[in-house]
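I opened this notebook to record what I looked up in one structure. The entries follow the order in which I made them.

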Amino acid sequence: VFLQLQVHGFSDSVGETNDEMAEHYKIIDSICNGSVKINGSNDNLNSYITSSNSVRRGSGNGGVCLLGLTGLRNLGNTCFMNSAIQCLAHTPEIVDYFLGDYQKEINYENPLGLNGELALAFGDLLRKLWAPGGIPVAPRMFKLKLANFAPQFSGYNQHDSQEFLAFLLDGLHEDLNRVKCKPYLEAKDAEGQPEEEVAEEYWRNHRARNDSIIVDLCQGQYRSMLVCPVCNKVSVTFDPLMYLSLPIPSTTMRTMTVTVLSTDGSTMPAPFTVTVPKYGRFQDLIDALSTKCFLRNHEKLLVAEIYRSKIFRVLDEPSDLLGLIRDEDKLVAYRLPKDSETPSLVLFMHERKEESCHLGRLSLEWKIFGTPLVGRLSDLTNGSDIRKLFLKLLDPFLMPVGDDSDFSDEAGKIDNGDSIVEDVTSSRVSDNDAVSDSSEAGDEPHLSDDFQFYRLDSIRPTEIKMNEPLSISDFAKPLTIHVQWAEKMIEKYDTCLLSSLMEVCKPQLFTRMPPESVSLYKCLEAFLKEEPLGPEDMWYCPRCKKHWQASKKLDLWRSPDILVIHLKRFSFSRYFKSKLDTYVDFPIDDLDLSNYVCCKNSQLSNRYVLYAISNHYGGMGGGHYTAFVDLGHKRWFEFDDDRVYPVSEDNIKTSAAYVLFYKRVSDVK
């Protein structure tokens, strides 16, 4: 039987030169001559195609065979699935396994699997992708079986290709697990033993319960080290890895301006401009700002966003992205003492009378203005303490008065060895004593001589009496005080300084930023860098018998034959989602992990070559997945759902690369 093989993408070329035609026939001849080799594997593919009866005859040229160049139809937002399947379906060992007699290894007794249904559906799909003919396949049955294993993929919403790949590999492993009855193995105390022996024991225990083609090819081992910050207890475990999720370190910097305010009235507000990674975390801003403003050891910073003279939100999560903060936002940082017993936090918001027009009539209404001030009061007794604290915080904003200069110098001296800051401030504000009780004035509260204080307990504000004790039910929550300013107080204080806040960053017109680029090795080093655990991941120290925020260090111990690298382009937080379009420069022919794998006793090579890429184009709101696949001999093709195109190797490295697939190669002698 005469069988014509045609490589997809070359048959419809028009106006080719003789050299180009010769090259095309050379490629076809390399496939047809002798046994069929795809990615260097030919164990079962040749016999499968030879025995297949699915040869399709074309309309004029007889049989046309497209080996491994069959597309997948988009069933509705399933490009993520198609991209991951094409990468996995062109993994040489996976192809060889599922085109062989894999049914004999199906585990029908595993309660964690699907009685082999997922493995059978994937095997049937892979055979269709490698069958001669090249008709695009609609993977409906496979999607149905996968949805039974992972229900989140049952609909037609867009998903993440790496997340899909993780569930698919896990499901295939459970369906093909050669262990029918998993033994119970208790982890032994490995303290004092050589790491090589401990790692080997962990690996044997893992393989005793998990033994499949997926484990054989795709699983390696990493070392996890936790160190207690109090007693320096070191805990080392060795865990299996299916893929590497590497962060993308930012090389582009961003300038941010934050206004720092004191909480004791000692200094005036001061703006500080710092440089932080553009895609960094909030902790990066805190560290840079602490250095810039010479934060002392017994102090800490409370950073908040100010919007319309109110605290819009407090930025208290160190892991939040700096992308949450826009250039036009206004940030303040309050210097607070690190108290072992946290005193009450008092928040002062300013109000003054302003003209407003309502239904054609002008009237005076209380409007919020200025920057909120924050202070701490250890002993809350009565309203006088609130007033004294507020006047103390306002002291840097006092307008200089020539007639009062001599009085100010004289009042600044020490009287009886005690500081009289509060009395001096009160004297400069008013010639009379502080109003002891506003009710004695017999008039409206806003007609007081200087300030009137209100707290928001309910819908209506409650006036704070100077001599009445304060009742605070919850000391953990800040005490919010609204301060109404008399007109003469606005003249005594620099309200312009109180109201002026600089934006985070003034946009520069016609400024072009160079494209950001980082190497794959830098991503790997960022993944292996020691870092503290988050507050939500506290570690229980067996020596201290307490939970601590320990430091964690990961190291590669055993590398797999098929290395899947996930580039963490998507970031999520409580308020914000973003995607990094950083160009990652990854090796194609020689990824060398020799310097990153700790175990040196293995005889296996730590060198890899790239053979597939899952790409994501677009942003968070919408995007599209495709795949680049190498069919051997540097013949790269792009799989875009049911469309397949040849692509040059020079064009496969883009900022859309999301999941990289590498296979191990032998060391060059």
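The entries below cover the model itself, its sheets, its cores, and a few single residues.

**Entry 1. Ground rules.** I noted that this is a predicted model, in which local features need pLDDT of at least 70 and side-chain atom pairs count only at pLDDT 80 or more, while totals for chains, interfaces and linings use all residues. Residues are numbered from 1 along each chain as its sequence is written, and side-chain values use heavy atoms, with hydrogens and water left out.

Entry 2. I looked up a sheet of four strands, which is open, has the order 4-3-20-17 and pairs in the antiparallel sense. Strands (E, at least two residues) and helices (H or I, at least four) are DSSP runs numbered from the N terminus, and two strands pair if DSSP finds at least two bridges between them. Strand 4 (234-241) and strand 17 (531-532) stand at the edges; each has a single partner strand, so one side of each lacks a neighbour in the sheet. Strand 17 is joined to strand 20 (residues 551-558) by two bridges, and the two run antiparallel. I found that E531 has K552 in strand 20 as its bridge partner. Helix 8 (residues 195-209) packs on this sheet and touches strand 3 (220-227), strand 4 and strand 20. The direction of helix 8 makes about 40 degrees with that of strand 4; axes are lines fitted to C-alpha atoms, for helices over the stretch in contact, and angles run from 0 to 180 degrees between N-to-C directions.

**Entry 3. Strand 6.** I asked how many of the 10 residues of strand 6 are buried. Eight are, so strand 6 (residues 253-262) is largely enclosed by the rest of the structure. Buried means under 20% relative accessible area, exposed over 50%, and partly exposed in between (1.4 Å probe, protein chains only). Strand 6 pairs with strand 7 (residues 270-277) over eight antiparallel bridges, and T255 stands opposite T275 in strand 7. With strand 10 (residues 330-337), strand 6 runs parallel and is joined by four bridges; there, L261 has Y334 as its bridge partner.

**Entry 4. Nonpolar cores.** A nonpolar core is a set of buried Ala, Val, Leu, Ile, Met, Phe, Trp, Tyr and Cys residues joined through side-chain atoms within 4.5 Å. The largest has 58 residues, and those touching the most other members are F98, F122, L126, F142, F164, L168 and L172. A second, separate core of 38 residues includes L345, I481, W485 and M489.

**Entry 5. H159.** I located H159 in the loop between helix 6 (140-149) and helix 7 (161-175). H159 counts as buried because its relative accessibility is 17%. A polar atom of its side chain lies 3.0 Å from the backbone oxygen of Q152. Leaving aside neighbours within four places in sequence, H159 is in contact (heavy atoms within 4.5 Å) with F80, Q152, F153 and Y625.

**Entry 6. Cysteines.** I counted zero disulfides, a disulfide being a pair of cysteine sulfur atoms within 2.5 Å. The sulfur of C598 is 8.7 Å from the closest cysteine sulfur, in C599, which is too far for a bond. C598 is partly exposed at 27% relative accessible area, whereas C87 is buried at 0%.

**Entry 7. Positive phi.** N115, not a glycine, has a positive phi of about 55 degrees. N115 lies in the loop between helix 4 (92-98) and helix 5 (117-130).

Definitions and conventions: Polar contact = N/O pair within 3.5 Å; in protein donor to acceptor, adjacent residues only side chain to side chain.
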